[in-house]
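Have a look at the structure first, then take the points in order.

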Amino acid sequence: MKRYSAWSVFFNGLTGQRNWDRAWRDPEPRREYDIVIVGAGLHGLATAFYLAKNHGLGNIAVLEKGWLGGGNAGRNTTIVRSNYMMPGNRAFYEHSLKLWENLSHELNFNVMFSQRAHVSLLHSPAARDSAARRYNTMRLTGADGELWDLATLKRNIPHLNYSPDARFPITGAAVQPRAGTARHDAVAWGYARAADQCGVDIIQNCEVTGVARDGGQVTDLQTSRGLIGGKKIGLAVAGNTSRLWRMAGLGKLPIETHKLQAFVSEPLKPLLDQVVVFGVGGTHFYISQSDKGGMVFGGDLDWYKSYAQRGNLPLVQDVSECATSILPCLGRVRLLRHWAGVMDMSMDGSPFICKTPLTNLYLNAGWNYGGFKASPASGWYFADLIANDRADPVIANHNLQRFEQGINLDERGAGPDPKLHG
Amino acid sequence: MIRIPCPFCGTRDHSEFSYGGDATVIYPPLDAAAADWIEAVFQRDNIDGVQFESWQHLHGCRMWIIVERDTCTHEILSVRPADDAIARALTITSAHPGGPA
């Protein structure tokens with residue numbers, strides 16, 4: 001497979017774009033692999049890539065029930081940031097952001113990572129104090145964070161609703177300058193192509209329908225393309241984790257599946273250079289502008305458990321109200337598309353990268369809202385866990401036992417109610 | 001919009017209600033073992049299909065109700081008051097419109 005370069009773009013331009021190689025193979029599944037990852041989303045593909053690259057392992061397959069990157073990889077608002085405060089989360093997400101910064105080079109695929117700053121609006125002195133604590137804590141771990149006063153914010157984003165008569169007047173912002181957005185499809189394709197180049201078999205249209213066990217270990221996966229065995233099996237199927245967990249005969253999980261909607265408007269001329277977040281008085285709203293010009297935005301969950309990948313209208317109204325309250329200039333912009341993805345909402349809002357009661361089954365789940373930004377580090381540490389059969393200290397608490405041990409990673413302090421961890 | 005037939009108010013939009021979660025969870029006695037509490041507070045079946053769940057008619061009668069709903073299609077199969085005594089009373093009232101026999 002040829003490397004992409006300025007020369008290859010030039011050459012293929014001159015020859016009518018007829019000489020590009022396939023980005024990845026479409027192999028028939030083999031009967032046995034050393035490692036099988038279920039789910040060719042960003043986390044599964046990243047895991048396969050780092051298993052090959054960091055650990056030199058081969059004979060790896062990634063199984064995908066639909067098409068590659070067609071689940072939550074294609075259903076998110078593409079925000080990348082590391083403004084987390086809890087020990088564990090802080091180091092994890094900062095590692096992820098560092099991987100993002102070099103990802104296009106690493107994968108030889110332009111993931112269009114744009115460090116355009118993540119701007120969380122503040123509306124009260126108390127919110128400012130809280131943000132100062134969070135962002136100072138982040139800086140202690142080596143992440144970046146700034147507080148912008150109103151004048152700085154107005155200089156950078158002049159067209160927010162700064163009216164003193166607003167329901168929640170804006171008083172400033174907490175900013176992470178290194179945060180930003182990336183092209184979600186490109187991330188899936190980049191990881192898939194890079195993993196494929198390392199010899200990983202990516203098997204699409206291959207739905208796992210059953211898990212065969214021999215006592216305390218998994219022997220085979222029954223799939224829509226036949227039996228596939230693996231010495232080690234990794235699950236990276238956020239949204240459907242409980243389904244696979246039940247197939248493996250493992251009972252309950254600290255996870256509920258909820259759906260989250262996202263929206264994109266018709267393309268506009270350049271309007272918003274940053275990711276802007278508005279969250280006060282029960283609202284929750286985040287918006288950025290894609291390179292094509294569409295305003296990409298989203299809000300809260302639909303508030304009830306659901307496996308349906310379709311959204312509900314009351315949330316469309318809520319999100320639209322949020323949009324026009326901070327960016328009144330969007331009032332007459334038309335919505336192009338909206339969609340819903342199904343999230344693993346965990347009991348404390350933090351994920352799981354851990355071993356399971358079955359000796360050769362490994363779990364990567366519980367990503368709540370935050371799976372997109374996490375995908376490089378998620379793959380990195382999940383690969384490390386599978387390769388070495390022990391958790392790196394950074395993910396020491398990202399396990400299923402943390403609730404009984406009282407070490408919940410509850411970033412929002414919302415308590416054990418999955419729908420509140422947005 | 002999901003339309004929920006509230007046993008007290010009639011059929012209303014789901015946006016009038018607040019979602020409670022899995023209604024089959026029964027909290028153990030206060031002096032139960034920690035493991036029982038961990039199970040009740042943190043562990044969920046997370047069913048993809050028909051499940052019983054609690055909703056509160058927050059912007060209506062404020063009563064808690066148990067809704068039997070398909071989490072894949074959002075179809076509602078049955079609704080009853082969460083309080084067993086009230087559910088029984090409603091059954092008796094509907095069987096004997098003139099009052100309890």
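1. Three salt bridges are counted between chain A and chain B. One of the residues that forms a salt bridge is Arg243(A), with Asp48(B) as its partner and 2.6 Å between the closest N and O atoms. Please keep in mind that this is a predicted model.

2. Now for the wider interface. Chain A has 26 residues in contact with 23 residues of chain B. Together the two chains bury about 2,200 Å², and carbon and sulfur atoms account for 49% of it. On the chain A side, 29% of the area buried against chain B comes from Lys252(A), Tyr304(A) and Lys305(A), more than from any other three residues.

3. In chain B, look for an open sheet of four strands in the order S3-S4-S5-S6, paired antiparallel. Strand S3 (18-22) and strand S6 (76-81) of chain B each have a single partner strand, so one side of each has no neighbour in the sheet. From one strand to the next, the twist averages 30°.

4. Within that sheet, strand S4 (residues 50-56) and strand S5 (residues 64-70) of chain B are antiparallel and joined by seven bridges. Across this pair, Glu53(B) faces Val67(B) as its opposite residue.

5. Back in chain A, helix H5 (residues 125-140) is worth a visit. Its buried residues are Ala131(A), Ala132(A), Tyr135(A), Thr137(A) and Met138(A). Among the elements covering them are helix H3 (89-101) and strand S4 (118-122) of chain A. Just past H5(A), Gly142(A) has a positive phi of about 105°.

Key
Residues numbered from 1 in each chain as written. Chains lettered and ligands numbered in written order. Predicted model: local features only at pLDDT ≥ 70, side-chain atom pairs only at ≥ 80, totals over all residues. Heavy atoms only, no water. Pairing = 2+ DSSP bridges. Helix = DSSP H or I, 4+ residues; strand = E, 2+ residues; numbered from the N terminus. Axes fitted to C-alpha atoms, helices over the stretch in contact; angles between N-to-C directions. Buried < 20%, exposed > 50% of the residue type's maximum accessible area, 1.4 Å probe, protein only. Contact = heavy atoms within 4.5 Å. Buried area = accessible area lost by both parts, 1.4 Å probe. Salt bridge = Lys/Arg side-chain N within 4 Å of Asp/Glu carboxyl O.
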